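Hi everyone, thanks for coming. Today I'd like to walk you through one structure, so please have a look at it with me.

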Amino acid sequence: MDKETQLDAIDKRILRALQLDGRVTYDALAAQVNLSASAVLRRVRRLEEAGVIAAYVALVSPEHVGLGLTAYINVRLEKHTESHKRNPMDLFRAAVQTWPEVVECAALTGEMDYLLRVLVQDMQHYSRFITETLLKHPSVQDCKTSFVLDRLKNTTAVPI
């Protein structure tokens with residue numbers, strides 16, 4: 001499924017239902033979308049095989065596992081020069097994959113290069129991450145942090 005237009009109304013209803021409850025039974029899902037369970041199963045498998053459904057996961061509350069502080073960190077990298085053997089962005093992209101505190105990393109347009117969403121236990125944990133990991137990375141030039149005070153909306157659902 002290369003294009004969004006290949007999803008019909010029933011596919012979209014199935015996707016919306018699965019985003020609300022990924023553990024819903026095929027019988028219950030079939031009742032919600034007015035199809036047989038076998039027809040729903042075929043559609044779900046087709047959506048999985050096409051990559052429309054990327055994975056099924058349990059969403060864990062960070063606060064309930066001791067990660068009470070969320071930080072958004074804007075990161076600026078040093079600029080690439082001819083003397084570097086590897087591009088600073090490549091080095092950073094590889095390193096960020098190994099940092100467990102970073103749960104999301106997006107490349108940005110504008111003044112900063114990346115935005116990290118970081119989950120840590122507390123301010124001490126954040127301080128260790130910044131000083132011992134992020135700022136020690138040779139590609140990182142600067143960073144600016146904002147801390148989450150309250151979540152007004154937090155969803156993983158794609159607006160279908």
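This is a predicted model: local features need pLDDT of at least 70, side-chain atom pairs count only at pLDDT 80 or more; totals for chains, interfaces and linings use all residues.

Residues are numbered from 1 along each chain as its sequence is written, and side-chain values use heavy atoms, with hydrogens and water left out.

Two packed helices are described by the angle between their axes and the distance between the axes. Axes here are lines fitted to C-alpha atoms over the stretch in contact, with angles from 0 to 180 degrees between N-to-C directions. Helices are DSSP runs (H or I, at least four residues), as are strands (E, at least two), numbered from the N terminus.

Let's begin with helix α1, residues 9-20, and helix α2, residues 26-33: their axes come within 10 Å and cross at roughly 130°. That makes α1 oblique to α2; angles under 35 degrees count as roughly parallel, over 145 as roughly antiparallel, 65 to 115 as roughly perpendicular and the rest as oblique. On the α1 side, the contact (heavy atoms within 4.5 Å) uses Arg13, Ile14, Ala17 and Leu18, and they meet Leu29, Gln32 and Val33 of α2.

Next, α2 packs with helix α3, residues 37-49, at an angle of about 95°, the axes being 8 Å apart. So α2 is roughly perpendicular to α3. From α2 come Tyr26, Asp27, Leu29, Ala30 and Val33, while α3 brings Ala37, Val40, Leu41 and Val44.

And α1 with α3? Their axes come within 11 Å and cross at roughly 80°, and α1 and α3 are therefore roughly perpendicular to each other. Here Ile10, Asp11, Ile14, Leu15 and Leu18 of α1 touch Arg43, Val44, Arg46 and Leu47 of α3.

Finally, the second largest pocket holds about 420 Å³ of space. A pocket is an open set of points on a 1 Å grid over the protein atoms alone, where a 1.4 Å probe fits, with protein on both sides within 12 Å along at least five of seven lines; lining residues have an atom within 4 Å of a point. Of its 17 lining residues, Pro62, Arg117, Arg151, Asn154 and Thr156 are the closest to its centre. Strands β1 (69-77) and β3 (114-120) each supply at least two residues of this lining.

Notes: Grid points are joined across faces, edges and corners, and a volume is the space filled by probe spheres set on the points.
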